[in-house]
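Please open the structure in your viewer and keep the selection tool at hand. This tour moves from one selection to the next and says what can be found at each stop.

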Amino acid sequence: MSTAYDVGSSTNIKWHEGAVPTENKEAIMQQKGCVVWFTGLSGSGKSTVACTLEHALAESGKVTALLDGDNIRHGLNSNLGFSATDREENIRRIGEVSKLFADTGIVTLVSFISPYRRDRDRVRSRVPEGRFIEVFMKVPISICEERDPKGLYKKARAGQLKGFTGIDDPYEEPLNAEVVLEAETADGKRISPQDQARTLLEYLHSKGFLTGPSTPPK
């Protein structure tokens, strides 16, 4: 007899394993599911690098999903604002979605400011060990403000935008990110999104995410 459980606010539910194991799907796609989580200030290049990486993966025949913070707020998270509570729920939801994609064997690229360390760590704890790759876009706020693609820093500095990360709301840097992408070389030369994406592509290759089992498990 199957057993039902209470989970959060839901009652009488039961986890159902998929009919096709993750390993079988990974063997078919010749890749391993993972969550590549881009975090950093607005304007740090998260979405640009994630998009560049996705194109590179697609060109090599890999199956990907790209989940962008702005895009997700158009649908799934359209009912959330930018309070600490809403930010937490924003990350919780996208963390669960990204886990579902990764469990299907998809290389899942997630681009969210995700300013609070505890929220990112909570997502990490939900993903199988070794399959959560935190990518810290370590870009000084001065460069982010210089870029300011949406004009948000200008509004925040003028007091027209409250609770803006990096200005009047905190950003907690990762303590042990798997990959740290700097904006500049030691001699001050800007690093292009293409070079940053190449670094990540090499990382995924080195960790075996871009090859799957030679034969599906029986």
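**Starting at a strand pair**

Select β4 and β5, which pair in the parallel sense over 5 bridges; strands are DSSP runs of E with at least two residues, helices are runs of H or I with at least four, both numbered from the N terminus, and two strands pair if DSSP finds at least two bridges between them. Within this pair, the bridge partner of T64 is V107 in β5. This is a predicted model, in which local features need pLDDT of at least 70 and side-chain atom pairs count only at pLDDT 80 or more, while totals for chains, interfaces and linings use all residues. Residues are numbered from 1 along each chain as its sequence is written, and side-chain values use heavy atoms, with hydrogens and water left out.

Now select L204, which touches, among others, C34, V36, L53 and I133, not counting residues up to four places away in sequence; contact here means heavy atoms within 4.5 Å. L204 also belongs to the largest nonpolar core, of 31 residues, where V36, F38, I133, V135 and L204 touch the most other members. Such a core is a set of buried Ala, Val, Leu, Ile, Met, Phe, Trp, Tyr and Cys residues joined through side-chain atoms within 4.5 Å, and buried means under 20% relative accessible area (1.4 Å probe, protein chains only). Finally, select I72, V110, V127 and F132, which are included in a second, separate core of 12 residues.

Note on methods:
Buried means under 20% relative accessible area, exposed over 50%, partly exposed in between (1.4 Å probe, protein chains only).
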